[in-house]
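Please look through the sequence and the model below before reading on.

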Amino acid sequence: MLVLMLVAAATLRLCLVAGAQQLCRIHTVRTGKVFHVSQQIQGDHLYFSSGTPRLIKHPCKKNIALYLGRQIFFTRDNFKSSLLPLSLPTSIKVGIPEVTSAHIAGSVLLLVVNQKVYVYDYEANSWNTSIGIEHPVSHISGDNCCYSGHPFCVDISNSVFAYLHGDQISQTHVYFSNTRGYTFQKFAYERQAELVGSLGGVFYFHSLSQVGLLLIDQGKAMFSYSEHPLNRSLGLPFDYSGTLDILITPGQKGILIFWFEKSLLVSGNAGQLVYPVPMDEEPGISYSSVSEANVTIHNIAANQNELAVLTRENSLYYGSLGILPSSLIKFSGQNIWSQEAAVMFTDVGQVEILTPLPDPMFPAFDFQRCPMNVQEILMDPQLQVDVCKVELLQGEFDNRMYSIDMNSKLQLTALMIPRPGRSPVPLAMVSNPHSLGLQVAIYEDGYTYDGNTKHRLNISLRQQHHWGRANPNFTSSIKKPTVSTITLDVANKEISCVDLKPLTALISVGCDQEKKIVIQNKISACSNGILDPVGLQDNYSYIIEKEAYDPNFRGQMSREDLVVNYRYEKLGCPRLVYYNTPWRPVVELWREGKFQEVTKAEFVLLEVNGLFTYTYSLTAQMALCRSQPQNWTTILESAGDKRPFAWDRENYVSCHDPDNDAPLRWPDVPYQILGGPTANKVIFDQRNGIYVFFLSIVDPYYSYCHLETTFSVYVYGALPPSIIPTTVTIIPLIMAMLLSVWSAYMIPKLLHTEKGLRLKEFWMNLCGRLRNLCPCFQGRR
């Protein structure tokens with residue numbers, strides 16, 4: 001009787017465990033064998049250094065994955081066909097073909113083999129050795145951006161770190177690549193020599209716009225960050241046991257997973273706060289950590305919102321990665337573990353256990369697959385899982401990327417429909433509050449046909465600096481572009497809300513690619529009949545005199561005249577400017593083809609052909625400069641051959657900046673910055689002709705974009721210079737004026753003297769004789 005009671009109790013307990021039901025239907029993938037009959041593994045046979053396998057999935061290309069184990073398999077169809085183990089080509093000699101780390105960066109696979117990095121372009125089927133790494137490395141880290149082809153998104157996928165795990169952090173060598181691993185250069189980390197401990201990893205946390213170094217010292221670990229304001233102190237320490245693998249989940253949300261066979265930790269803010277993951281063994285029995293649950297982790301898998309853990313005890317733990325921490329629930333009841341098994345997500349709520357199977361007849365391996373539908377498993381009443389209290393959570397911004405430029409804002413909306421009688425609490429959070437601030441308003445917006453209340457959420461986003469609510473010691477540098485994610489979720493969401501994933505968007509606090517500047521052209525040389533637009537389009541060219549230009553932009557005369565071909569398709573008709581009137585171009589800001597404003601930001605001009613027959617109306621002293629202002633000469637000298645016109649927002653230093661300590665040594669030099677707080681203008685010399693100007697907005701607080709343009713003006717009204725030298729004309733004129741003044745004074749005075757009377761009598765006699773001789777005078781008597 002006692003035996004029967006024990007058996008009954010054991011049976012009841014098994015039914016209560018999450019998964020007394022069958023978790024999955026196991027099947028074997030065995031395809032494509034005919035194509036591999038004649039194929040053999042070429043080159044070195046690659047294998048993974050760890051005793052437990054890893055499975056890396058491409059977050060953007062769902063069919064791309066890499067299996068790391070005693071054999072390494074790379075698939076382009078998500079293991080839907082048999083595969084040959086991956087091997088290096090015979091042309092690459094590596095010695096010991098042991099792989100210690102791997103990363104998929106865009107369209108290439110990066111492998112660390114025998115402390116060197118190799119690049120496999122799986123689209124071109126080509127192998128390369130990385131260039132620039134001079135010291136041994138063991139690990140690589142990177143991320144992938146799955147949004148649009150935005151330049152910032154491309155930069156995320158191209159960024160890769162290489163380092164030696166366990167090396168002393170003060171003297172270790174870290175390498176960085178912005179070419180997806182093809183070329184590396186040494187990465188200089190500020191204050192690295194001051195850090196104590198060994199290196200646990202180097203990561204680019206794009207969700208925070210920070211580079212993080214993991215320090216390990218005396219069983220504790222903490223992160224050091226590269227940028228203000230997090231670089232002022234280390235992150236909070238956490239327990240570090242064994243050698244933790246660190247997984248950066250997709251989506252740039254800042255979620256990190258740290259795991260070892262006896263440890264599982266998670267961070268929702270890029271390592272600033274790390275805490276253990278609680279585990280629910282069965283209803284009513286929970287443990288605060290893996291070690292307390294006394295289970296051994298085999299491997300893990302994660303997507304943007306879910307986490308799956310496969311243990312050696314033939315169990316699978318599942319949980320969500322929401323804004324607030326939640327525990328993992330146990331699924332068991334089926335033999336799913338083996339030494340070569342690896343877990344992966346194939347879709348939202350779809351987990352699969354993958355095991356490679358050797359074939360004694362063929363070199364290609366088959367794959368045993370065990371797919372699970374999490375939502376179906378959670379519906380088992382024995383699990384006692386609460387029903388999801390939200391019916392709908394949607395927003396058009398989900399899985400999209402936006403840009404917020406300087407002084408701009410972004411408005412997002414979302415809709416939430418709870419179940420009747422429930423009052424869920426929506427939570428909106430940004431991953432980088434040092435850069436991006438938000439404000440959320442929620443209100444009732446009608447009812448559904450079933451009578452459920454619809455709740456509308458309005459989310460306002462703008463730079464944290466411009467909200468005016470944060471201390472400057474909290475905000476990041478406003479001059480540098482950053483990135484952040486915005487996530488909208490429900491607080492304390494039930495684990496049954498598998499299909500109700502959080503809404504996430506990536507926000508680039510940086511350049512808005514839709515912005516451009518246009519130079520106003522209300523009065524042109526064509527509309528006033530000075531130039532013919534038809535002629536300008538017909539291979540029009542003009543000559544710049546050698547005395548008026550310098551190809552090196554130094555203000556020195558050239559040796560010969562310059563013939564310039566006018567590019568009408570780019571420049572249009574030149575703006576008309578009178579030479580004797582101080583002039584400043586009117587700069588307009590446009591976005592997506594719509595006029596935004598007339599910009600008042602500071603900008604600079606440079607004639608692209610080297611013309612120097614113009615100057616500025618203000619000097620440094622007249623512009624009230626506190627320090628010596630920059631000019632084109634110093635900018636071009638410092639730029640070298642990097643760019644022909646390299647004066648922009650990144651290297652501009654205002655002479656009005658109180659932090660600029662350059663002394664004002666030459667106050668009479670021309671002030672070459674236009675716009676901003678001064679009324680500076682351009683003054684042209686006495687020369688008619690076409691000027692082609694390069695214009696660059698240099699104000700670092702106006703936009704993160706390099707707002708630049710090229711335009712033309714036609715200067716008119718200047719009389720041609722005289723051929724006769726000025727001195728030859730002025731000296732005789734002055735002498736004649738002096739002689740006239742002297743004559744007007746002396747002649748009347750002399751007429752009253754004796755000599756004057758004689759002279760007067762002489763002229764009167766002479767006139768009388770002339771009248772007698774001339775018949776015309778006689779006729780008038």
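Which residues does Gly43 touch, if those up to four places away in sequence are not counted? They are Ser87, Leu88, Pro89 and Thr90, where contact means heavy atoms within 4.5 Å. The model is a predicted one, in which local features need pLDDT of at least 70 and side-chain atom pairs count only at pLDDT 80 or more, whereas totals for chains, interfaces and linings use all residues. Residues are numbered from 1 along each chain as its sequence is written, and side-chain values use heavy atoms, with hydrogens and water left out.

Gly43 lies in the loop between β1 (27–29) and β2 (47–48); helices (H or I, at least four residues) and strands (E, at least two) are DSSP runs, numbered from the N terminus. Because its relative accessibility is 32%, Gly43 counts as partly exposed, on a scale where buried means under 20% relative accessible area, exposed over 50%, and partly exposed in between (1.4 Å probe, protein chains only). Although Gly43 and Ile26 are 17 residues apart in sequence, their C-alpha atoms are 33 Å apart in space.

On one side, β1 pairs with strand β30 (residues 362–373) in the antiparallel sense over three bridges, and the bridge partner of Val29 in β30 is Phe367. Strand β30 also pairs with strand β29 (residues 350–359), again in the antiparallel sense, over nine bridges; a hairpin of two residues joins β29 to β30, and Gln350 stands opposite Asn373.

β32 in turn takes part in an open sheet of four strands, ordered β32-β38-β37-β34, with mixed pairing. Here β32 (400–403) and β34 (426–430) stand at the edges, and each has a single partner strand, so one side of each is left without a neighbour in the sheet. Neighbouring strands of this sheet are turned by 20° against each other on average, direction ignored; for such angles, axes are lines fitted to C-alpha atoms, for helices over the stretch in contact, and angles run from 0 to 180 degrees between N-to-C directions. β32 and strand β38 (residues 503–509) run parallel and are joined by four bridges, and Met401 stands opposite Leu506 in β38.

Turning to the interior, a nonpolar core is a set of buried Ala, Val, Leu, Ile, Met, Phe, Trp, Tyr and Cys residues joined through side-chain atoms within 4.5 Å. The largest such core has 88 residues, among which Leu461, Ile507 and Phe684 touch the most other members. Strand β48 (residues 689–697) gives the most to this core, with seven residues. Leaving out residues up to four places away in sequence, Phe684 touches a set that includes Val577, Trp583, Tyr691 and Phe693. A second, separate core of 29 residues includes Leu195, Ile216, Leu230 and Phe258.

Gln628 is placed in the loop between β46 (614–616) and α8 (632–639), and because its relative accessibility is 15%, Gln628 counts as buried. Its contacts, leaving aside neighbours within four places in sequence, include Cys655, Arg665 and Trp666.

For the chain as a whole, there are eleven helices and 49 strands, and buried residues make up 47% of the 781 residues. The C-alpha atoms fill a box of roughly 175 × 70 × 55 Å, taken along the principal axes. Residues 24 or more positions apart account for 63% of the contacts with a separation of 6 or more.

Notes:
Two strands pair if DSSP finds at least two bridges between them.
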